[in-house]
Amino acid sequence: MGSRILGFLTPILLLAPVSGFAAQLDPTDSVGISFWVISMCMVAATVFFLMETLNVSSKWRTSMVVGALVTLVAAVHYFYMRDVWVATGESPTVFRYVDWLITVPLQMIEFYLILAACTAISLGVFWRLLVGTVVMLMGGYLGEAGFINVTTGFVIGMLGWLFILYEIFMGEAGKVSSENAPESVKASFNIMRLIVTIGWAIYPLGYFMGYLAGGADANTLNIIYNVADVINKIAFCLAIWACATKESNA
Ligand SMILES: *C/C=C(C)/C=C/C=C(C)/C=C/C1=C(C)CCCC1(C)C
């Protein structure tokens, strides 16, 4: 099983960096370097989560595999975004949003999956979190790409985010976690929603600084988004790994 996964994964992981070797990375380009370093973190995290899938009991495997997909999809986007940045010096906004549109819903599914692995929960949790995510990201994208007014985009994005926060603190997901989940799952759920509250706040702050408060330069905005991504993806999935491992050994 383990060797089958690795045999399948290795070519993908090798192809991704190779496909991104087109432009020369300047050693003084700190934004370019941050894209590079984060690509490596995402690859390492992917291998880790996939291998750890073998150590958890079967009902926790889906959560672990979805976590690995988050970092895998992000790794491939980071290779490509680095290349866009190095070749053009411009922000890879479209690819950032394509990445978010795939990875953020996958992360939201995790709230549903970790609760479903240990207790009864309705599919409504999954759908509400998905709707909140799509509204949040579409608002942000339409604003950043210039299709709608930047302030309108910001407001729509904030409403989507608040809707997600409501669901995980006061809605069904929050209630089921605090009332029915075992301690280790509750602890991970709390860390994950802290990430969604504090870690995620970095993005609207970046958007606000970049487009509304007179403008941050592309360097700053990309560094902010990059640092946020590495924490919000890898630490988020590590929280899932922590409860999956604990519950499997219990
Ligand atoms: C791995 C990538 C993640 C976790 C990306 C998360 C992105 C956000 C939480 C973006 C939020 C935004 C708002 C809340 C309002 C303004 C527009 C956005 C899209 C930057």
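**Cavities, ligand and salt bridges**

A: The structure holds two cavities of 30 Å³ or more. A cavity here is a set of points on a 1 Å grid over the protein atoms alone where a 1.4 Å probe fits but cannot get out, and lining residues have an atom within 4 Å of a point. Grid points are joined across faces, edges and corners, and a volume is the space filled by probe spheres set on the points. This is a predicted model, in which local features need pLDDT of at least 70, side-chain atom pairs count only at pLDDT 80 or more, and totals for chains, interfaces and linings use all residues. Residues are numbered from 1 along each chain as its sequence is written, and side-chain values use heavy atoms, with hydrogens and water left out.

Q: What volume does the largest cavity have, and which residues are closest to its centre?
A: Its volume is about 330 Å³. The lining has 20 residues, and those closest to the centre are Trp 100, Met 136, Leu 137, Tyr 203 and Pro 204.

Q: Which elements give two or more residues to that lining?
A: They are α4 (93-116), α5 (123-144), α6 (150-169), α8 (183-212) and α9 (218-249). The most comes from α6, with five residues. Helices are DSSP runs (H or I, at least four residues), numbered from the N terminus.

Q: How does the lining of the largest cavity split by class?
A: There are 13 nonpolar, five polar and two charged residues. Ala, Val, Leu, Ile, Met, Phe, Trp, Tyr, Cys and Pro count as nonpolar, Asp, Glu, Lys and Arg as charged, and the others, Gly among them, as polar.

Q: Where does the ligand sit?
A: In the largest cavity, by the rule that more than half of its atoms lie within 2 Å of the grid points.

Q: What surrounds the ligand?
A: A shell of 17 residues, the closest being Trp 100, Met 136, Tyr 203, Asp 229 and Lys 233; a residue counts if one of its heavy atoms lies within 4 Å. The largest share of this shell, five residues, comes from α4. By class, the shell has 11 nonpolar, four polar and two charged residues.

Q: And the second largest cavity, what lines it?
A: Ser 91, Thr 93, Arg 96, Glu 144, Tyr 211, Leu 221, Asn 222 and Tyr 225 line it, around a space of about 50 Å³. Here α9 gives the most, with three residues.

Q: Switching topic: how many salt bridges?
A: The count is six, taking a side-chain nitrogen of Lys or Arg within 4 Å of a carboxyl oxygen of Asp or Glu. One of them pairs Arg 128 with Glu 167, with the closest N and O atoms 2.7 Å apart.

Q: What does the pair of Arg 128 and Glu 167 tie together?
A: Arg 128 is in helix α5 and Glu 167 in helix α6, so the pair ties together parts that are 39 residues apart in sequence.

Note on methods. 1 Å grid on protein atoms, 1.4 Å probe; cavity = no way out; pocket = protein on both sides within 12 Å on 5 of 7 lines; lining within 4 Å.
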